Structures are given as structure tokens and as C-alpha cells.
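Subject: Structure for your review

Dear colleague,

Please find below the structure that I am handing over to you.

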Amino acid sequence: MVFATLLGCSSATSSALGNSGQSVDGGAGDGAVDAPPGFQMAPHPSVTGGLVPKGSGPILAHMKLVTVTFAGYEHEADVQAFGSWLPGSTWLTTVGGEYGVGAGTSAGSVVLQETAPSTVTLPDVGAFVAARVMNGTLPASLANDADYLYVVYYPATTAVHIVASDAGCLAAGGFHASYARNGLYFTYAAIPDDCASLFPGLGLDPLSFVEFDASHEIVEAASDPYTVATDGTNVVSGPSAWRITDTSNPWSAFGGEIGDACTSRCVRESGFTVQRIWSNQAASQGQDPCVPAVAPYFGTSPTGSGVVTVSAGSSAQVPLVGWSAAPGITWKLLPDTGPYITSQFVPGAQSQPASLSNGTTGTLTVSAVAGTPSGSRGIVFLSSSPSPTPAALAYANRTLWPVMVEVP
């Protein structure tokens with residue numbers, strides 16, 4: 001799922017895909033700069049807390065992607081080209097390979113000669129696709145091939161929700177799920193067309209936003225297809241493949257799937273905008289876990305576990321440290337809070353100093369208003385960016401680190 005309030009992409013074009021990045025000891029990878037001899041990254045907690053475990057659920061090892069649009073959709077030709085390119089792209093095999101997701105194929109594009117609904121929910125989309133698979137409008141294998149992934153692009157006139165009561169783009173900029181009923185099985189994704197307009201400061205044009213959004217949902221649908229499921233009537237939980245399911249882990253706050261912790265980072269590949277994706281391999285090696293890497297790795301993290309207890313009506317301080325894989329990098333620190341779908345309340349958050357560099361220490365002050373229910377969890381994302389202005393965050397090598405605030 002996409003956390004829209006954290007969206008933003010790097011303007012860099014990856015010159016070579018792979019688990020590249022700046023290593024802890026200063027060795028450079030693609031897009032990075034060699035650190036001088038003797039330079040040391042400041043000690044900080046390992047990013048391996050964000051490693052995404054393998055569950056019992058299946059994956060789509062070789063997806064068969066079907067691009068679905070409605071007549072008159074403004075990006076029709078562009079998303080059809082995107083859907084033809086992505087399944088066989090180096091980007092997919094690079095970011096998906098360690099999770100068992102290999103090259104797929106395009107199973108074609110279908111333009112529906114009907115008016116898109118004004119609003120849809122997750123079960124609605126599942127039932128909608130199922131009906132058109134059954135009547136032959138959408139392609140499917142006679143053997144009920146479960147590798148089919150239907151990506152439905154909705155026009156701006158359609159509000160896309162996971163559940164009817166959510167905030168649409170403000171909660172999640174699209175979703176993926178699986179469908180199972182009467183022997184029919186498939187995976188699908190819903191991509192809205194109106195989210196970019198809500199976040200003009202990100203600097204992403206509507207088409208780039210749609211491509212970014214679709215790349216996120218497609219790679220997650222392939223690597224974790226059955227974690228959310230429907231029979232067309234309600235939403236249920238299914239077996240996860242690659243997902244952090246431990247909600248006490250701060251890294252689960254992003255959403256838990258391989259696209260979620262890197263939602264704020266994108267690159268341009270073959271003329272398309274695609275998201276950088278979490279790599280367990282890179283994280284385990286102390287490199288930038290969001291691949292492909294585009295610049296030296298840096299960030300701000302709590303010096304402890306990343307979990308802090310705050311009583312309702314009070315505050316607490318969390319020690320911070322800045323770190324970078326190369327010298328000369330200075331960045332702004334912005335504690336990012338919001339009504340995320342993984343949060344039960346919005347904590348107060350202030351940090352100092354405003355700018356950090358390798359080895360700089362700081363403090364995050366978090367608070368919970370009086371009356372916050374006992375047992376509630378809130379999230380603060382430590383957003384580190386070289387850019388001093390929010391409007392440029394979409395084009396910075398921004399990094400995020402989660403802090404979980406618990407009310408006893």
C-alpha cells in the first residue's frame with residue numbers, strides 16, 4: 001500500500017541497477033562517491049530492523065500483467081506502454097529477484113467501453129474484475145492461471161478507497177489484493193488518477209505519479225499477493241509472503257511490504273518513473289536498503305530501539321544521531337507525523353538541531369495529548385533531506401527512519 005503523505009521521488013536516473021549504494025566502510029557503489037581513507041560512518045542502530053521476513057504465502061514468480069483502462073482515460077497510451085515494458089524490465093528482476101519475483105510478460109491491454117464508477121472500494125474492484133474475466137472481456141487462462149495480475153487505472157472522476165470510510169489518496173494512493181471465489185483466483189491492483197493534485201509540492205506530474213504508484217503496487221502484488229483478499233463482498237487477511245507482520249516493530253509502520261519503507265524514493269528507468277524498492281540484501285550489508293541506490297547513504301536515527309513510551313498528557317525525549325557514508329553531507333531533519341493507516345493517534349513531535357551531519361547528535365521530543373487511549377501507538381518518521389524546502393523534497397535523496405510512540 002502507498003502512504004501518500006510520504007510520497008516523493010529522486011530525480012536521478014539510475015545508471016546501473018542492482019544492490020548498489022554506499023557501504024558502511026566507505027566503499028562506493030553505483031551512483032555513490034568514494035569516501036576518503038579513514039572516513040568512518042558514525043555508529044547508529046542497524047537498518048536490519050526493517051528486514052522483511054518470508055511468510056507462508058505464495059508469490060507471482062512470473063506475472064502475466066493485464067493493463068485495464070476506461071475509454072477516454074487521459075494516460076491510456078502511456079500506461080499501456082508502461083504495462084508492456086515493466087514485466088520484462090531489468091528494474092523488476094533487480095528489485096524483485098531476491099524475493100523470487102522474476103521476469104513476467106505483458107498479457108495485453110484492455111480498454112473498457114463503459115463509464116468508470118464514481119467511487120470504488122477494494123471489494124468492488126475485485127468483483128468488477130471477476131465479472132469481466134468470467135464474461136471474457138478480460139483475458140485469462142482456461143486453466144485458471146493464478147499468475148494473472150490485472151492493473152486497473154481509474155480516471156480522476158473515480159475516488160479509489162480501500163474501505164469506504166478511509167480518506168482515499170490521503171490514506172493510500174492505490175492498493176493491491178487478491179480475489180478468490182467459486183474456483184476463480186487472481187491478483188489485481190487499483191491505481192487512482194487524482195492523487196498527484198493533492199501533493200503539488202512533490203513536483204511529480206500526474207503521469208509520473210501514476211507510473212510511480214503503479215510500480216509500487218505491481219511489485220508488492222507480485223511479492224505479497226494474498227496478504228489482503230476478497231471474494232468481492234468484504235476484505236479479509238490472507239497468508240503473507242513478504243511482509244513485516246509484527247506490529248510492535250517500528251518498521252512495520254510503513255506498511256510492512258517491500259515497497260512501503262522506500263515509498264518516498266523513485267528513479268527514472270527507460271523513460272518511466274518507478275519506485276526504489278526495499279532490499280533485504282542491501283540492508284544486511286549496511287548499504288542503502290532502497291535500490292537502485294542513487295547517492296551516498298545518510299540519515300538520522302534514534303540511538304535506541306526506536307520505541308518510546310509516553311503517558312497521555314506528557315512528553316518524552318529520544319536521543320538521535322546523524323550518519324553518512326561519505327563526508328561533506330549536511331541535511332535537514334523534519335519529524336513527519338500524520339494520520340497514517342498504521343497509526344492509532346498522531347503524536348506531537350519536535351526535533352533539534354534543524355540540520356545534522358555525520359556524527360551530529362540531536363533530540364526528538366514526542367508527546368501525546370491528554371485523553372489519548374491507553375495502548376495506542378503513533379508514528380513519527382525522521383525525514384532527512386539535503387533540501388531546505390518542502391517543495392524540493394520530491395527530488396532529494398530523502399531517507400526515513402521510524403520511531404514508534406506507545407501510550408501505556
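Helices (H or I, at least four residues) and strands (E, at least two) are DSSP runs, numbered from the N terminus. On that basis, the protein chain contains five helices and 22 strands. Please note that this is a predicted model, in which local features need pLDDT of at least 70 and side-chain atom pairs count only at pLDDT 80 or more, while totals for chains, interfaces and linings use all residues. Residues are numbered from 1 along each chain as its sequence is written, and side-chain values use heavy atoms, with hydrogens and water left out.

Of the 408 residues in the protein chain, 57% are buried (under 20% relative accessible area, with exposed meaning over 50% and partly exposed in between; 1.4 Å probe, protein chains only). Contact means heavy atoms within 4.5 Å. Among contacts between residues at least 6 apart in sequence, 74% join residues at least 24 apart.

An open sheet is formed by seven strands with mixed pairing, in the order β2-β1-β4-β7-β6-β8-β9; two strands pair if DSSP finds at least two bridges between them. Because β2 (105–112) and β9 stand at the edges with a single partner strand each, one side of each has no neighbour in the sheet. On average, neighbouring strands of this sheet are turned by 30 degrees against each other, direction ignored.

Within the sheet, β6 (residues 175–181) and β7 (residues 184–191) pair in the antiparallel sense over seven bridges. Ala177 stands opposite Tyr188 in β7.

Helix α3 (residues 122–134) lies across several strands, including β1 (64–70) and β4 (148–153), and runs at about 125 degrees to β7. Helix α4 (residues 206–223) packs on the sheet, where it touches β1, β4, β6 and β7, and its direction makes about 155 degrees with that of β7. Axes are lines fitted to C-alpha atoms, for helices over the stretch in contact, and angles run from 0 to 180 degrees between N-to-C directions.

Ile162, in the loop between β5 (159–160) and β6, counts as buried because its relative accessibility is 18%. The C-alpha atoms of Ile162 and Val125 are separated by 9.7 Å, although these residues are 37 residues apart along the chain.

Asp260 lies in the loop between β9 (235–237) and β10 (266–269). The backbone nitrogen of Glu257 is 3.0 Å from a polar atom of the Asp260 side chain.

Yours sincerely

How values were computed
Polar contact = N/O pair within 3.5 Å; in protein donor to acceptor, adjacent residues only side chain to side chain.
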